[in-house]
Amino acid sequence: IVLAALCTLGLTTFAQKLAHVDSQQIVSEMPQMKDVEKVLNDAKKSFEDEFLAMQKEYETKVAEYETKSKLPVNQGGWPEAIKQSKAQAIADHQQNMVDFQNTANTELQKIQDDQLQPLIDEFNKAVEKIAKTHNYVYVFDAAAGNLLYKGGEDITEKLRVELKIPAPAPGANGK
């Protein structure tokens, strides 16, 4: 009797419910994602417009330098000190453009992270709710790339219902 009880106890320990879901797919399908994409596109456009203005200013400075630095001073050209100053200004402007691109990329990443966090939080709450409701012990994220076997139940559809995501059109996402 003791042996049977231990075997039964051992089997119930291994009979844990597992599930999996692709978090990237679900988050990208959430209705709020359109708002996130709009914010990101607007920010990206602002950065691109500013960079284009900087680039135009740079090209104007280079063209002026190429013209004025070749002329003799008595024909409207620049003296050597002005040439050096203008060359340095062009180099500084070019460095400012590089710095701006780096700052813009960093800021865009922060904006994206800030905009996505509420969606990720909502996704995590929905996963927790479904896991508790259906007694899942573990829910694996197929998007994380460390899923070796897709055992257990795929809770993608349950999450779509919980997060009020419309069902994908037939043939969408290769399905």
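A nonpolar core is a set of buried Ala, Val, Leu, Ile, Met, Phe, Trp, Tyr and Cys residues joined through side-chain atoms within 4.5 Å, where buried means under 20% relative accessible area (exposed over 50%, partly exposed in between; 1.4 Å probe, protein chains only). The model is predicted: local features require pLDDT of at least 70 and side-chain atom pairs pLDDT 80 or more, while totals for chains, interfaces and linings use all residues. Residues are numbered from 1 along each chain as its sequence is written, and side-chain values use heavy atoms, without hydrogens and water.

**View 1. The largest nonpolar core.** Among its 20 residues, Ile 26, Phe 123, Ile 155, Leu 159 and Leu 163 touch the most other members. At least two residues each come from β1 (17-21), α2 (23-29), α3 and α4, and α4 gives the most, with seven.

**View 2. Helices α3 and α4.** The axes of α3 (residues 33-70) and α4 (residues 80-133) come within 10 Å and cross at roughly 175°. The two helices are therefore roughly antiparallel (angles over 145 degrees). Their contact comprises 20 nonpolar, eight polar and eight charged residues.

**View 3. Phe 47 and Phe 100.** Ring centres lie 6.0 Å apart with planes at 65°, so this pair is edge-to-face (centres within 6.5 Å; planes under 30 degrees apart count as stacked, over 60 as edge-to-face and the rest as tilted). Phe 47 belongs to α3 and Phe 100 to α4, 53 residues apart in sequence.

**View 4. Tyr 65 and Trp 78.** With centres 6.1 Å apart and planes at 50°, these rings form a tilted pair. Tyr 65 is partly exposed at 23% relative accessibility, whereas Trp 78 is buried at 10%.

Technical notes: Axes fitted to C-alpha atoms, helices over the stretch in contact; angles between N-to-C directions. Helix = DSSP H or I, 4+ residues; strand = E, 2+ residues; numbered from the N terminus. Parallel < 35°, antiparallel > 145°, perpendicular 65-115°, else oblique. Nonpolar A, V, L, I, M, F, W, Y, C, P; charged D, E, K, R; others polar.
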